[in-house]
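Subject: Structure handover

Dear colleague,

The structure is below, with notes on what was found in it. Please keep the notes together with the file.

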Amino acid sequence: MNRTRVKICGLTREEDIDVAVAAGADALGFVLWPGSERALDIDRLAHLVARVPAFVTRVGLFVDQDPEFIRRCEAYLDLIQYHGDEVPATCAKATRPWIKALRMRDALDVQAAASDYREARALLLDAYKPGVPGGTGETFDWSRIPAGLSKPVILAGGLASTNVGEAIRSVRPFAVDVSGGVERAKGVKDHDKIRAFIQQVTLAQP
Ligand SMILES: O=C(O)c1ccccc1NCC(=O)[C@H](O)[C@H](O)COP(=O)(O)O
């Protein structure tokens, strides 16, 4: 069984990046969608990613945005996270590897989505809240995740140090993704919460 990877999302500050890296984060998420309170512009993205060491994945998060803008951001990113209603053909415009976030609304057929988004490197499964594309801080019913999906699962939505161990034991995801659960305010990470979260992931390994 592989170690569960950890992505810390919604980073906006240098010191939070340093703590996440030192604590063992595998991937760091940067929100490039201007509707978010955690949003960065491209200059700030360039500045922040300059301190990310080799072998830590720089992930850019977009919500139904102009492919040209995404293209310009790609210079600073290793992986694209599509977090809106992008169809597979739109996702395929990226020149970087990409993942697709799926919000777990009742009607969603996860198996069908896994085959539709066949070029995705993973599916990020997140809570569904009408009118909010992501970063809701809410969990969803993990039992809705089908076994044997053809894509690696990145589990997101309302995770924190208090529930991530249970989440890993019940879902066995490829990775877990957290934003609000390691914050003290939107875009301002709590360093103790980051360390506690990654410690609980480590403790949950079989
Ligand atoms: O963080 C945002 O503001 C955001 C805005 C629009 C789409 C997605 C957004 N964030 C996604 C994430 O931070 C995570 O991938 C995931 O949704 C987990 O968030 P949380 O429930 O806060 O841990």
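In which sense do strand β1 and β8 pair, and over how many bridges? Strand β1 (residues 5–8) and β8 run parallel and share 4 bridges. Strands here are DSSP runs of E with at least two residues, helices are runs of H or I with at least four residues, and both are numbered from the N terminus. Two strands pair if DSSP finds at least two bridges between them.

Two points on conventions. Residue numbers start from 1 along each chain as its sequence is written. This is a predicted model, in which local features need pLDDT of at least 70, side-chain atom pairs count only at pLDDT 80 or more, and totals for chains, interfaces and linings use all residues.

Barrel

The pairing of β1 with β8 belongs to a barrel of 8 strands, closed in the order β1-β2-β3-β4-β5-β6-β7-β8 with parallel pairing. Neighbouring strands of this sheet are turned against each other by 25 degrees on average, direction ignored; the axes are lines fitted to C-alpha atoms, and angles run from 0 to 180 degrees between N-to-C directions. Strands of a sheet pair through backbone hydrogen bonds, either parallel or antiparallel.

The parallel strands β1 and β2 are joined by 2 bridges. Strand β2 (residues 27–31) pairs in turn with strand β3 (residues 57–62), in the parallel sense over 5 bridges, and G29 stands opposite V59 there.

Annotation

An unreviewed UniProt entry places "domain: N-(5'phosphoribosyl) anthranilate isomerase (PRAI)" at residues 6–200. UniProt positions follow the numbering used here, feature names are shortened, and annotations may be inferred rather than shown by experiment. Over residues 6–200 the chain is 28% helix and 21% strand, with the end C-alpha atoms 11 Å apart.

G181 sits in the loop between β8 (175–178) and β9 (183–185). G181 is buried, with 23 other C-beta atoms within 10 Å; the class needs 20 or more such atoms within 10 Å of the residue's own C-beta, 12 or fewer make a residue exposed, partly exposed lies in between, and C-beta atoms are placed from the backbone. Leaving out residues up to four places away in sequence, G181 touches G158, L159, A160, K193 and F197, where contact means C-beta atoms, placed from the backbone, within 7 Å. The C-alpha atoms of G181 and S150 are separated by 28 Å, at 31 residues apart along the chain.

Positive phi

Most residues other than glycine have a negative phi. F55 has a positive value, near 75 degrees, and lies in the loop between α2 (42–49) and β3. F55 counts as exposed because it has 7 C-beta neighbours inside 10 Å. R172 also has a positive phi, near 50 degrees, and its place is the loop between α6 (164–171) and β8. With 16 C-beta neighbours inside 10 Å, R172 is partly exposed.

Regards

Methods: Contact = placed C-beta atoms within 7 Å.
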